[in-house]
Each structure stands twice: as C-alpha cells, then as structure tokens.
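Subject: Structure for you to look at, with notes

Dear colleague,

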Amino acid sequence: MNKKNSVKIKDGMINFSCRMHLCQSSCCGPFAGITSNLTSIDERPFEEIVLTDEDYNKIYSSGHAELIEEAVSEHMGKKYYKMALEKDGTCKALCNGLCTINDIKPTLCKAFPFYFDMFSGLCAIDCEGFSDDYWTEIENCQYALDAAKKMYEFWLKFYTKAESDN
Ligand code: SF4
Ligand code: SF4
C-alpha cells in the first residue's frame with residue numbers, strides 16, 4: 001500500500017476508493033479537515049461539519065434534530081448549522097463505524113476528501129482512500145465532485161452580504 005496515501009491522477013484515472021468502515025482514520029471520527037496553516041476568518045474550527053440548508057432540512061425532517069447544532073458566524077453575524085460532535089470530535093451520527101444517516105448524509109461528507117481551492121481548483125485532502133492499489137476513472141468520483149461544488153457555492157453565498165446590509 002502507498003504509505004503516504006496521497007492523491008495521484010493519471011490518464012483520467014485517480015488512485016481513490018473510499019475505505020468506508022475499513023478506514024482506520026475515518027473522516028467521521030475526530031476530524032481536523034484541512035488544517036495546514038489556514039485560518040478561518042470566523043475562527044471556525046476545521047473540525048466542524050457545516051450543513052447546507054438542504055442538509056439541514058433533510059436531517060431535521062427525518063427526525064434527527066439531535067444531530068444538528070446551531071452556530072453563529074462572528075464575521076457575518078449569520079446563523080448556520082453543523083453536525084453535533086462527541087467530546088472527542090467524532091460525529092454523533094457515527095455508530096459502530098457506520099454513518100446512521102448515510103442516505104441523507106451532509107454535502108460536506110459526500111464531497112470529502114475533495115474540495116475546491118481558490119488557487120489550485122479541484123484538490124483532495126490526503127486520506128486512506130488514496131492508494132496505488134486501487135485506481136478508478138475520475139468520473140466515478142463525480143458524486144463527490146458535485147458535492148464539493150455545492151459546498152463551494154454554499155460558502156460563496158454564505159459570505160455574500162444581503163442587499164439590505166449594504
Ligand atoms: S454525517 Fe455520517 S458521513 Fe458525515 S461525518 Fe457524520 S457519520 Fe460521517
Ligand atoms: S473519505 Fe478517506 S478518510 Fe473518509 S472514510 Fe473514506 S478513505 Fe477514510
């Protein structure tokens with residue numbers, strides 16, 4: 001197995017396959033997101049699993065309100081929602097290594113480990129899913145790329161002031 005678990009792309013193929021419950025460092029556990037030298041304007045911890053409006057509606061209407069926490073952006077003064085975490089940072093929806101809301105899991109979870117960066121475009125966070133032992137066509141990751149786009153759109157909207165604020 002590739003020790004570094006780093007992303008590689010070659011001839012339309014990507015060395016990624018989510019290890020799911022076999023993953024030793026599941027992105028559902030104590031999760032630190034992308035921490036390297038980045039600072040959130042809102043001083044938001046990178047452990048947060050922020051919910052889009054659609055995520056919130058799906059989770060709330062499916063009777064899992066206890067999995068949702070409210071937060072406020074210091075910078076924008078806007079309310080937003082996130083997944084509730086256990087004290088050690090594990091997502092409260094994780095049970096015996098499995099996501100208990102898998103069919104309605106948040107957009108951020110669908111996107112992970114992919115995200116859009118201002119400088120580099122489509123990027124990936126190194127994780128156990130990257131290995132030279134399994135390659136797949138990039139199109140097979142389309143669901144994750146679409147979710148990454150949605151999260152980018154979420155943040156663009158989040159940091160846009162309402163007209164009445166101007
Ligand atoms: S919602 Fe599910 S997939 Fe997302 S972090 Fe929690 S347990 Fe993992
Ligand atoms: S996306 Fe990566 S870190 Fe998350 S469960 Fe899959 S292999 Fe593990």
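The notes below go through the conventions, the sheets, the core, the ligand surroundings and some backbone details.

This is a predicted model, in which local features need pLDDT of at least 70 and side-chain atom pairs count only at pLDDT 80 or more, while totals for chains, interfaces and linings use all residues. Residues are numbered from 1 along each chain as its sequence is written, and chains are lettered from A and ligands numbered from 1 in the order in which they are written.

Helices and strands are DSSP runs numbered from the N terminus (H or I, at least four residues, for helices; E, at least two, for strands), and two strands are said to pair if DSSP finds at least two bridges between them. One open sheet has three strands in the order β3-β5-β4, with antiparallel pairing. Its edges are β3 and β4 (68-72), each with a single partner strand, so one side of each is left without a neighbour in the sheet. Helix α1 (residues 53-61) packs on this sheet and touches β3, β4 and β5, its direction making about 145° with that of β4; contact here means C-beta atoms, placed from the backbone, within 7 Å, and the angle is taken between N-to-C directions on a scale from 0 to 180 degrees, with axes fitted to C-alpha atoms, for helices over the stretch in contact. Between β3 and β5 there are two bridges, and Val-50 stands opposite Lys-82 in β5.

Another open sheet of three strands runs in the order β1-β2-β10, again with antiparallel pairing, and its edge strands are β1 (9-10) and β10 (136-137). Lys-10 stands opposite Met-13 in β2. Separately, β8 is joined to β9 (residues 121-124) by four antiparallel bridges and by a hairpin of three residues, with Phe-114 opposite Ala-124 in β9.

The largest nonpolar core has 27 residues, of which Met-83, Cys-91, Leu-108, Ala-111, Phe-114, Ala-148 and Met-151 touch the most other members. Such a core is a set of buried Ala, Val, Leu, Ile, Met, Phe, Trp, Tyr and Cys residues joined through C-beta atoms within 7 Å, where buried means 20 or more other C-beta atoms within 10 Å, exposed means 12 or fewer, and partly exposed lies in between, with C-beta atoms placed from the backbone. The elements giving two or more residues to this core are β5 (79-83), α2, β8 and α3 (142-158). Leaving aside residues up to four places away in sequence, Leu-108 touches Ile-49, Val-50 and Met-151.

For the ligands, a residue is listed if its C-beta atom, placed from the backbone, lies within 6 Å. Those around ligand 1 include Cys-28, Cys-91, Cys-99, Lys-105 and Cys-109, and those around ligand 2 include Cys-18, Met-20, Cys-23, Cys-27, Phe-112, Pro-113 and Cys-127.

Two of the residues listed for ligand 2, Phe-112 and Pro-113, are joined by a cis peptide bond with omega of about 10°, and Pro-113 lies in the loop between α2 (107-111) and β8 (114-117). Met-20, in the loop between β2 (13-14) and β3 (50-51), has a positive phi near 50° and is exposed, with 12 other C-beta atoms within 10 Å. Glu-43, in the loop between β2 and β3, has a positive phi near 55° and counts as exposed with 9 C-beta neighbours inside 10 Å.

Best regards

Note on methods
Contact = placed C-beta atoms within 7 Å.
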